Amino acid sequence: MIVKKVIYSPASAEIVNQYNNRPSKDHNFWSEEVVKALRKEMRDHYIHEQKHLCCYCGIPEPSIHGLDWDVEHIAPKAKHPEFMFTEANLAVVCKECNGHKGSKNVFAGARPADYPTTADAYLVVHPHFDEWSDHLLRDHLTYAAFTAKGRWTIEKCRLNRFDERVIGIRYPISDTRFEKTVRQLLDRQLTLQEVADIIEPLVRAASLIATRRPTD
Ligand SMILES: [Zn+2]
């Protein structure tokens, strides 16, 4: 979970203030030259704060280059330009998760006037308000969800895309076998042998994924 939000430099804070005081806000402002240094501030801060892990898939990217990372607006800026510079609405994301998540609505309720600061206001696993591992499990490149939010994030960011690509099977989000097994395991409803029998094929698949690099 992100603990430290970005603190804007005085120059950037001035740009943010001016934008926030505009009567009507346009997300296209994000791409303007005047915002370039501010974007870099945000990106550098959250790359460091997130320890080089994408906020959704959790895959490490040992780069600080802007061509490898996007600044993520958790509530998309196209739909919510009023939250474009809200510190808790920002994170860094890999290009693929960003592309899949797009401009999908992330709010559990009606459009909020102020930026909600509680986890239950969001459909997505929110990098500022949720502990990633409370909702999601990753084994190599296979993801399973513990919660509805985890499921939403797997589906909307298409986290199992890595598996799909390597194995060549796109399994639907409705396939809950792995998730069910994990839950039964956590609830101690299965013997170790039962778990082994169920998990063995998954482990085989996971080692196959681990030894092969995904190719486009
Ligand atoms: Zn990602």
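Mentor: Let's start with what counts as an element here: helices (H or I, at least four residues) and strands (E, at least two) are DSSP runs, numbered from the N terminus. Keep in mind that the model is predicted. With those runs marked, K51 falls in the loop between α2 and β1.

Trainee: Why is K51 called exposed?

Mentor: Check the count against the cut-off. K51 has 7 other C-beta atoms within 10 Å, so K51 is exposed.

Trainee: And what makes H52 partly exposed?

Mentor: H52 also lies in the loop between α2 and β1. Partly exposed is the range between the exposed limit of 12 and the buried limit of 20. H52 has 16 other C-beta atoms within 10 Å, so H52 goes in that middle range.

Trainee: Which residue following α5 has a positive phi?

Mentor: That's R158, with a phi near 50 degrees.

Trainee: Which residues is A75 in contact with, leaving aside its neighbours within four places in sequence?

Mentor: H80, F83, N89, V106 and F107. A75 and V124 are 49 residues apart in sequence, yet their C-alpha atoms are 9.5 Å apart in space.

Trainee: What share of the contacts in the protein with a separation of 6 or more comes from residues 24 or more positions apart?

Mentor: For the protein, that share is 58%. As for burial, 27% of the 216 residues are buried.

Trainee: How do you know that β1 and β2 pair?

Mentor: Two strands pair if DSSP finds at least two bridges between them. β1 and β2 have five bridges, in the antiparallel sense. That meets the cut-off, so they pair. As one example, E72 has A91 in β2 as its bridge partner.

Trainee: And how do you know that β3 and β4 pair?

Mentor: Use the cut-off of two bridges again. β3 (residues 136-139) and β4 share four bridges, also antiparallel. L136 has A145 as its bridge partner in β4. Two residues separate these strands in a hairpin, and H140 in the turn has a positive phi of about 55 degrees.

Trainee: What makes β2 mostly covered?

Mentor: Five of its five residues are buried. L90, V92 and C94 point one way from β2, while A91 and V93 point the other way.

Trainee: What does the largest nonpolar core look like, and which residues have the most contacts inside it?

Mentor: The largest core has 35 residues, and Y56, A91, V92 and V93 have the most contacts inside it. β2 is the top contributor to this core, giving five residues. Domain 1 (1-126) and domain 2 (131-216) each provide at least three residues of this core.

Trainee: How do you know that the span of α2 is close to the expected one?

Mentor: The expected span is 1.5 Å times one less than the number of residues. α2 has 14 residues, for which 20 Å is expected, and its first and last C-alpha atoms are 20 Å apart. Its buried residues are L38, M42, R43, H45, Y46 and I47, and their cover includes α1 (10-20), β1 and β2.

Trainee: Which residues are buried in α5?

Mentor: K149, G150, R151, W152, T153 and I154. The buried residues of α5 pack against α4 (132-135), β3 and β4.

Notes
Residues numbered from 1 in each chain as written. Predicted model: local features only at pLDDT ≥ 70, side-chain atom pairs only at ≥ 80, totals over all residues. Core = buried A, V, L, I, M, F, W, Y, C linked by C-beta atoms within 7 Å. Domains from an automatic or database assignment. Contact = placed C-beta atoms within 7 Å.
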